[in-house]
Amino acid sequence: MQTDLNTKVPETRPDRRRHARYRFSVPITIRSGQGTPIAGISIEISQSGLSAITADPLKVNDTVEIEPIATGKVSAVVRRNIGRVYGFEFLNLTPEQIKQIQESCKTLALYQNTALGI
């Protein structure tokens with residue numbers, strides 16, 4: 001069987017995330033180190049983080065607070081950025097916050113869009 005060297009084969013990448021992601025679209029507020037509120041809307045969530053579209057730019061590796069998540073505020077670090085879409089990793093979640101996120105995820109549909117890689 002011959003293959004055409006000019007034909008591009010779609011690249012498949014294994015999902016390197018620790019936890020499954022779920023569709024989660026809600027308005028959120030993100031506060032940077034200066035405490036300035038930034039409006040956003042979440043795209044997906046997992047036990048270890050979320051992706052969101054923000055109204056204002058953020059810097060990768062900055063620590064922020066996001067609310068409302070697990071009925072309150074959570075600390076997170078900005079891990080990835082593509083345009084206005086950011087990937088956040090939760091920091092120092094309490095056992096109660098972890099439990100609330102896990103229970104919430106059980107009621108949500110799986111998120112399977114990996115085109116952005118966030």
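**View 1. K59 in the loop between β4 and β5.** K59 lies in the loop that runs between β4 (49–54) and β5. Strands here are DSSP runs of E with at least two residues, helices are DSSP runs of H or I with at least four residues, and both are numbered from the N terminus. The model is predicted: local features need pLDDT of at least 70 and side-chain atom pairs count only at pLDDT 80 or more, whereas totals for chains, interfaces and linings use all residues. Residues are numbered from 1 along each chain as its sequence is written, and side-chain values use heavy atoms, with hydrogens and water left out. K59 is exposed, its relative accessible area being 60%. Exposed denotes over 50% relative accessible area, buried under 20%, and partly exposed the range in between (1.4 Å probe, protein chains only). The C-alpha atoms of K59 and S32 are 9.3 Å apart, with a sequence separation of 27 residues.

**View 2. The peptide bond between E67 and P68.** E67 and P68 are joined by a cis peptide bond, for which omega is about -5°. P68 belongs to strand β5, which spans residues 63–69.

**View 3. The backbone at T71.** T71 is located in the loop between β5 and β6 (72–82). Although T71 is not a glycine, its phi is positive, at about 60°. Is T71 buried or exposed? T71 counts as exposed because its relative accessibility is 73%.

**View 4. The backbone at N92.** The loop between β7 (85–91) and α1 (95–105) contains N92. N92, a residue other than glycine, has a positive phi near 50°. With a relative accessible area of 74%, N92 is exposed.

**View 5. The chain as context for the close-ups.** The secondary structure of the chain consists of 1 helix and 7 strands. Read from the N terminus, the order of elements is β-β-β-β-β-β-β-α. Of the 118 residues in the chain, 31% are buried. Contacts (heavy atoms within 4.5 Å) between residues at least 6 apart in sequence join residues at least 24 apart in 53% of cases. The accessible surface of the chain amounts to about 7900 Å², and carbon and sulfur atoms account for 52% of that surface. Accessible areas were computed by the Shrake-Rupley method with a 1.4 Å probe; for residues, only the protein chains shown count as cover.
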